[in-house]
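Here are my notes on the model, in the order I went through it. Have it open alongside as you read.

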Amino acid sequence: MNIPRQFYGVNHLSKLLSNFQDSDLSECPKLEFHKIEDIREIPLDKKDTAALGISAGELSGLLRKLTSDRLCALDGLAVARGENLLFAGYRPPYSKELPHITNSTCKTVTAIGIMYAVSEGLLKEEDSVLSFFPEYETMMTPRYLRQMTVKHLLTMTSGTKCNETTTVVETDWVKAFLLTDCQCEPGTKFIYNSMNTYMLAAILTRVTGKSVMEYLKKRFFAPLGISHIKWELCPMGIERGGWGLHISLEGMLKIGMFLANDGAFRGKQLIPSSYIRRMKEEKVSQDADAFAVGYGYQLWYLPKGLYMLSGMYGQHVIIDEKNGLIVATNAHSDKMFPDSILVRNIVECMTDHRLYRPEHAVKERLSYHKLIQEFQAFCNGWPLPKASGELPFPLYSVKQEKIRAVKAEKVRNLLSLFDGKRLHIDQASIKLFPYMLRGMYQCPPFVVTDIAFKKQENSLKLCFYKERNKKEETKRERLIMEAGYGEYLHQIITIGKDKKELAVKTYMAADEDENPVVMLDIVFPSTGFSRLIKFFLLGDRIGIECQEYPDMRAIVEQVLFGEAVIAGNTIDLTDKLPESIRVFMEHKVEPRVNGYFVKHRT
């Protein structure tokens, strides 16, 4: 679709607003990937804290901070020193086989690909962007666009007006980028924009004649032993470059090791070290984040000499090169940029001299054993044992399993009230899928008017009915999923042309008056998004409330009030419609409605 440049903003706004409207599931496009599954995985050597020269007690304190603070929203954590692993793991429903998407952490991988191409003489950092796509150059090409170089893309100083919203309305993203003017002269201003990195991926594909994944397979992924990874593609079949890479926490650690070692891994130099050192030099001062102090080639610089690969909602690789310490995280926080409680807690711990002062051998061994038990509790989805260690861990594990079984039995019994019934919702305002999923993957929200329930031995079967289109006589759409009693049940559902993996569980909670509440947690593991539906038992009626994680309302408010920067520009509507936006978001993203049971019919 070709859009006159002057109408870009209007078209983007209307398209983005339309994402709040329901549509047919058949319109959901199939998400395509490039995948690598045949590389031999190279496990990292595992050592204890004493061997690594770090304090288990200090790391235990960090783990407790990260798991107890809901603003951290931790889903996975990995720690290594040098090329040795301390631990890596995820809370349910995430796992090494189903890792989080890494979001913008993969920008650094794209930059590494560019440096490989530079080292092989395929391009230079000073090359003009247009030189790789001469078919888009005309007499009308803006002057600033002609000045834009690969280096400007690498340092986020291209100044382009073409931002991430282009991906919603266009199919040819390269063309859209090269037909859009710049808002300032390239090289004069830092403006964080994922389309810069996408263009790096497109350039890499053009000069190598291969996909980014194929080009880096033997040069980068195979020597690091990183397998079972996939990268989302644009509509033209190019890796998205600035986002869309799915990789495990250990894979993220290995990328950090490669950078810390100036392009070497296990004693083998994979690229001349000068190219990686050039990547890591601080290039640009920036003010898009209150905590970061600079930006290199697709790398954020942090206080006290640390640097970071960073992806929105808490996907990070934080590197302390001086001490050889690397920490990788997955999370579902509401923060888009590096400045978050999660990052600040980790940096505070990594730069504390006490971390590098382990206790005497016997005491350190005991502290390490306790730390691993606490981490095991996190990976099992349990609360961490009390610091005092009230029970030996084997007994603590038995106790937690008993608590889980009792809770599962309680929710199983409570669901007898729902068994064989259909719940009709008064107002058709519940959306089954998170809006963030809709915004990033064009997945329709699916307006739910009825929910049918059927108890099974180990799960609750739910059938969600879509709002009936009065103009059509056809049978209305429905989706079926199963929720485990207190434990996530993994399944795949078909949405239009695409298939999405879900992890769903149901459990009990209580409202402010201690009345029982049935919770339905629907997680999309590959994206890190989830929808939580609460059913409040109110006599003959059922109160229903929806929540979304990460919280899109908080994210939009960050943008509206200038606490986040999208493509370098805050959207300043604070004096115009913040309250109306807030009300709109409140009703759209977290609706509160009533429902009542009717005679079940399919």
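1. Contact means heavy atoms within 4.5 Å. Helices (H or I, at least four residues) and strands (E, at least two) are DSSP runs, numbered from the N terminus.

2. Some housekeeping. This is a predicted model, in which local features need pLDDT of at least 70 and side-chain atom pairs count only at pLDDT 80 or more, while totals for chains, interfaces and linings use all residues. Residues are numbered from 1 along each chain as its sequence is written, and side-chain values use heavy atoms, with hydrogens and water left out.

3. The overall picture: the chain has 18 helices and 24 strands. Of its 602 residues, 56% count as buried (under 20% relative accessible area; exposed is over 50%, partly exposed in between, with a 1.4 Å probe and protein chains only). Among contacts between residues at least 6 apart in sequence, 65% join residues at least 24 apart. The chain exposes about 25,800 Å², and carbon and sulfur atoms supply 51% of that (Shrake-Rupley method, 1.4 Å probe; for residues, only the protein chains shown count as cover).

4. Two strands pair if DSSP finds at least two bridges between them.

5. Follow the sheet through β13. β3 and β13 are antiparallel, with seven bridges, and R81 has L325 as its bridge partner in β13. Five bridges join β12 to β13, again antiparallel, with H316 partnered by T329. β12 and β13 also make a hairpin with four residues between them, and G324 in the turn has a positive phi of about 70 degrees. Moving on to β11 (residues 307-311), five bridges join that strand to β12 in the antiparallel sense, and G311 is partnered by Q315.

6. How many of the residues of β13 are buried? Seven of seven, so to speak: the strand is mostly covered. On one side L325, V327, T329 and A331 are buried, and on the other I326, A328 and N330 are buried.

7. V317 is worth a click. This residue is in strand β12 (residues 315-320), and at 1% relative accessibility V317 counts as buried. Leaving aside neighbours within four places in sequence, V317 is in contact with M252, G256, Y307, M308, L309, I326, V327 and A328. The C-alpha atoms of V317 and T105 are separated by 7.5 Å, although the two residues are 212 apart along the chain.

8. There is also an open three-stranded sheet, ordered β1-β5-β6 with antiparallel pairing. β1 (33-36) and β6 (245-246) stand at the edges with a single partner strand each, so one side of each is left without a neighbour in the sheet. Two bridges join β5 (residues 229-232) to β6, and K230 is partnered by H246.

9. Further along, β24 (residues 592-598) pairs with β14 (residues 422-425) in the antiparallel sense over four bridges, L423 being partnered by F597. β23 (residues 541-549) and β24 are antiparallel too, over five bridges, and R541 stands opposite Y596. The ring of F597 has the charged end of K421 over it, 5.0 Å from its centre (NZ of Lys or CZ of Arg within 6 Å of the ring centre and within 35 degrees of the ring normal). K505 likewise lies over the face of Y507, at 5.1 Å from the ring centre.

10. Last, the aromatics. The structure holds 22 aromatic pairs (rings of Phe, Tyr and Trp, its six-membered ring, with centres within 6.5 Å; planes under 30 degrees apart are stacked, over 60 edge-to-face, the rest tilted). One of them is F453 with F535, edge-to-face at 5.9 Å centre to centre and 80 degrees between the planes. F453 lies in β16 (residues 447-455) and F535 in β22 (residues 529-538), so the pair ties together parts that are 82 residues apart in sequence. Both F453 and F535 are buried. Elsewhere, ring pairs link F190, Y192, Y295 and W300 into a cluster.
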